[in-house]
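The stops below follow the aromatic rings.

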Amino acid sequence: MIDLSSFDSKPVDDLFAIFDEINRKLNIQCDHLLILEKKLSQPINFLTPFSALQKVTRITKVIWLENLTDETLHAALNEFNSVVFFCEDSLQNVGRVAKLFRSTILPITETNSMMNTSLITLGSLNQSIRLYLSELSLENDIDYYSWDSILFRIDTDLLSLNSSSDLKKLYQLQSIEPLYALANGLLHLVIHSNFKLRFTNKFIKGANSAKFYDIYQKLYTNYTLNKLSPERRKILEDVDETLFMDIHSFYNNQCDLFVFERSVDFITPLLTQLTYCGLVHDNFNVEYNTVNLKSETIPLNDELYQEIKDLNFTVVGSLLNSKAKSLQESFEERHKAKDIAQIKNFVSNLTNLTKEQQSLKNHTNLAEAVLAKVHDETGNSENHSEDSLFNQFLELQQDILSNKLDNKTTYKSIQTFLCKYNPPPLLPLRLMILSSIVKNGIRDYEFNALKKDFVDYYGVDYLPVINTLAELSLLTSKKSQPLEQNPNSQLIKDFHNLSTFLNLLPGTEETNLLNPTELDFALPGFVPVITRLVQSVYTRSFIGPNSNPVIPYIAGSNKKYNWKGLDIINTYLTGTMESKLLIPKSKEQIFTHRTAAPPHSRKGDLRNEEYIIVVMLGGISYGELSTLRVAISKINESMNLNKKLLVLTSSVLKSVDIINLAK
């Protein structure tokens, strides 16, 4: 098992090391003036209390970079010989620092030779920043340090860069920076595990996913060759010897690496999320495990949140009520205490009861706020009927996904929704994109009519957004469909057959949402594509007999878990698709014969813990995460396995992030 409890300590240690280096260059221990980009205060506080950072690094004064003027900086510099700028790694930030340096700091250095200026940036663009400082002729005036992109431990099974801009960088700017940042994060995870995390199978879907794996391989090879001693490399070789001693040792120590890119499924993040955590994020924006509700900051890392986060929202209210009654009964126990021992027992539990009470209050308030918000975009919760904006928007999504509506009816439905509810522009735009993906382009007449109505209603400022969405194959007409697939656009080419093949729309009536039988509980009747692709490696039970021409194959019944028999998916969903066993060449003979995998252990037998690592380039939604958790739980239960999920991603997405991709 990988212990992630100390995973956050490395970036903190790295930051402390940067300040140690700054002090070493100064040859003296001195106080620092920190000029900080405001948005970095939250991630720093997430990793370590800011007071601890100040104490260790001798930061005695902090000024927000956004509020800084020449006058403010000049006044502050009278008290310091060291000024440290700390910001994200954008050229715009560096340009601002350069301007402040030249206008205010440089004149002071002429009379104060002790004055020192440092710049720390968060991100992976360190080479670009160094080059830019050189072009500005400031490489000798400003000491530059890079604080690598950080994988934040958001949950027990979720590591995120929390970089919502990566989606735009990846698809609109076509930058490999997001791939490098996540590949570097994956390498740090492997190193953190003391190389116990050894990938034995890889599953890749999408051209960017293949690029990511190549980058990771180069980083891994470079690290093991140049950073490890010969003795340490020998230990790694011995690990492989043990792992691949025979076929049984391999099957008891598997670690499956899945790499997906966002363009594999742009549908899921556009849909309304129906889980507690999904609705909270969509409506109030979860950042670093906290959410701001009015003037209150609510933490989302308590035991109650862990219990309800993946539940469909419709059952959360009754569960919270049940918790409230149980808690009230626990408090009533104080009246039943008849002797000193019983009183002491109650008092000893009082702290925990009070903590549970506060947690319950937080989530009750948050659930009520979500309920009020979803029934009316204005926050007016009087209309709870089936005719409310929320319910109609949900119904339209389901109708579009099921392809019940022809082009003309789809257009009229979206037009009616627009006129009747006066929705914010994000909602009809999401419906238009969904229609385009599901129908592989909207018929020209309806496309032009929708585009005209939308621009007339919301303004010409949205024309560039619509045009960019078209370039990414997210919102197109039949006529404008590209002849050749752009690898940096959405990859679904035949939604109907893909949906049928992978059973993305199960259409089952769920009777127990506390323990759902199907995986469409998190979204309006839809199972995310990546969840089905992960599932299909271990079981094909969800695929109907009329969906798959190669149904006789069952994953896992042959030599290894794989995607064998799923090649037809590439007809419906373009992009690289690769499934491969990762073994040293010297051990390939073990798997050359058609030897069956060892049978599953009997129920109750202790299985080794085996990781399923899912890398999601460009971001993942809470809905996807919830379905992955439940899917793997069901696989473990039905196959008596002990698979453990760990997701690495660029960010946790909301539907607005897909639209912002085009801005």
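This is a predicted model: local features need pLDDT of at least 70, side-chain atom pairs count only at pLDDT 80 or more; totals for chains, interfaces and linings use all residues.

Phe46 and Tyr288 make a tilted aromatic pair, with 5.5 Å centre to centre and 50° between the planes. This is one of 26 aromatic pairs in the structure. To see what the contact joins, switch to the cartoon: Phe46 belongs to helix 2 (residues 41–47), while Tyr288 sits in the loop between helix 13 (276–284) and strand 10 (290–293), so the pair ties together parts that are 242 residues apart in sequence.

Next, select Phe495 and Phe526. How are the two rings of Phe495 and Phe526 arranged, stacked or tilted? They are stacked, at 6.3 Å centre to centre and 25° between the planes. Phe495 is in helix 22 (residues 495–502), and Phe526 is in the loop between helix 22 and helix 23 (529–538); the pair therefore ties together parts that are 31 residues apart in sequence. Check accessibility again: Phe495 counts as buried at 3%, and Phe526 counts as buried at 0%.

For a group of rings, select Phe195, Phe199, Tyr213, Tyr216, Tyr220 and Tyr223. Ring pairs link these residues into a cluster.

The last stop concerns a charge and a ring. Select Lys373 and Phe284: the charged end of Lys373 sits over the Phe284 ring, 5.0 Å from the ring centre.

Terms used. Residues are numbered from 1 along each chain as its sequence is written. Side-chain values use heavy atoms; hydrogens and water are left out. Rings of Phe, Tyr and Trp (its six-membered ring) pair if their centres lie within 6.5 Å; planes under 30 degrees apart count as stacked, over 60 as edge-to-face and the rest as tilted. Helices (H or I, at least four residues) and strands (E, at least two) are DSSP runs, numbered from the N terminus. Buried means under 20% relative accessible area, exposed over 50%, partly exposed in between (1.4 Å probe, protein chains only). A charge sits over a ring if NZ of Lys or CZ of Arg is within 6 Å of the ring centre and within 35 degrees of the ring normal.
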